[in-house]
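Hello,

Here is the structure I promised to hand over. Have a look at it first, and my notes follow below.

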Amino acid sequence: MQPQHAAAAMRRFEGRVALVTGAASGIGRATVDRLVREGARVLAWDIDAARLDACAGTHGAAVLAQPVDVTDAAAIDTTLAQALPAWGRLDIVVNGAGIVGPNGPFWETTPAQWDRVMQINLRGTFLVARAACQHLVRNGWGRIVNIASVAANEGPKNLSAYAATKAGVVGLTKAMGKDLAGTGVLVNAITPALIATELLQQLTPHYKAAALARIPLGRAGTLDEAAALITWLCSEEASFSTGATFDLSGGRGL
Ligand SMILES: NC(=O)c1ccc[n+]([C@@H]2O[C@H](COP(=O)([O-])OP(=O)(O)OC[C@H]3O[C@@H](n4cnc5c(N)ncnc54)[C@H](O)[C@@H]3O)[C@@H](O)[C@H]2O)c1
């Protein structure tokens with residue numbers, strides 16, 4: 001059987017409910033598509049309500065579109081409280097919402113720009129996991145996947161705020177994994193390099209060309225490749241890793 005046919009035949013998430021942030025676009029959207037294809041029902045969160053509706057429109061009753069700003073702690077609590085009585089349970093959380101923020105030397109980054117990237121990429125990841133984890137712990141089973149970046153390790157020139165948030169997500173993941181050890185809830189992160197999404201429009205052409213040149217496999221990653229790793233980390237098969245960070249960089253991050 002070809003790998004893609006084997007994947008299509010899998011129903012690993014039958015009966016599971018997942019929450020995906022950044023669900024309107026890119027890696028988050030690809031993760032929603034794959035989770036639904038494999039039997040999950042998904043709470044799809046994003047700040048972009050129109051594109052979230054388009055995502056839900058594709059999947060019908062399997063996806064509930066809930067426009068949420070992941071920097072808003074009160075909105076996170078309210079939105080979860082609205083969904084969970086009807087949906088009954090929560091098993092999986094994928095923290096995909098993120099922005100690049102300013103491109104330039106750190107001294108040109110304004111405090112407001114710095115705070116915005118921190119709020120979305122790092123605080124948002126913390127807030128969503130914080131609100132959701134009690135529901136996973138109640139099941140005695142759960143998976144949380146945080147999307148960091150190779151920038152966490154590399155600290156790329158001109159991306160100081162982004163790199164700092166992604167290093168923060170890696171550290172947060174390590175601590176969350178230990179805090180939840182023994183509950184049945186596993187927490188892991190991935191560090192993608194260049195995945196072909198709209199996020200790349202937030203980078204300069206020079207940065208993108210240089211980043212591509214540093215990938216030993218010689219190409220950008222695909223959304224299918226990102227969704228494959230993320231959903232494996234959401235599955236029962238991923239059972240002996242927590243607090244860990246998984247490379248998805250075509251060799252660049254190693
Ligand atoms: N594409 C890559 O090459 C790459 C590489 C490394 C890491 N990542 C990370 O992967 C994650 C997904 O990125 P992507 O490439 O799919 O980008 P994308 O721009 O396609 O998707 C990001 C989504 O996050 C949403 N979002 C932004 N701010 C939000 C907020 N405050 N609240 C809720 N949603 C918000 C956006 O509306 C968008 O739909 C990000 O955390 C990004 O840093 C991407």
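A residue is called buried under 20% relative accessible area, exposed over 50%, and partly exposed in between (1.4 Å probe, protein chains only). On that scale W232 is partly exposed, because its relative accessible area is 29%.

Some ground rules before the rest. This is a predicted model, where local features need pLDDT of at least 70 and side-chain atom pairs count only at pLDDT 80 or more, while totals for chains, interfaces and linings use all residues. Residues are numbered from 1 along each chain as its sequence is written, and side-chain values use heavy atoms, leaving out hydrogens and water.

Aromatic rings

A pair of aromatic rings is described by the distance of the centres and the angle of the planes. Rings of Phe, Tyr and Trp (its six-membered ring) pair if their centres lie within 6.5 Å; planes under 30 degrees apart count as stacked, over 60 as edge-to-face and the rest as tilted. This rule gives 2 aromatic pairs.

Helices (H or I, at least four residues) and strands (E, at least two) are DSSP runs, numbered from the N terminus.

The ligand

Which residues come nearest to the ligand? They are S25, I27, D46, Y162 and T197, out of 28 residues around the ligand (near means a heavy atom within 4 Å). An oxygen atom of the ligand is 2.6 Å from an N or O atom in the D46 side chain, and for the side chain of T197 the distance is 2.5 Å. The protein buries 93% of the 820 Å² that the ligand exposes when taken alone (Shrake-Rupley method, 1.4 Å probe).

R252

R252 lies in the segment after β7 and counts as buried because its relative accessibility is 9%. Its side chain is joined to that of E154 by a polar contact of 2.6 Å (a pair of N or O atoms within 3.5 Å; within protein, one must be able to donate a hydrogen and the other to accept it, and residues adjacent in sequence count only if both atoms are side-chain atoms).

Best wishes
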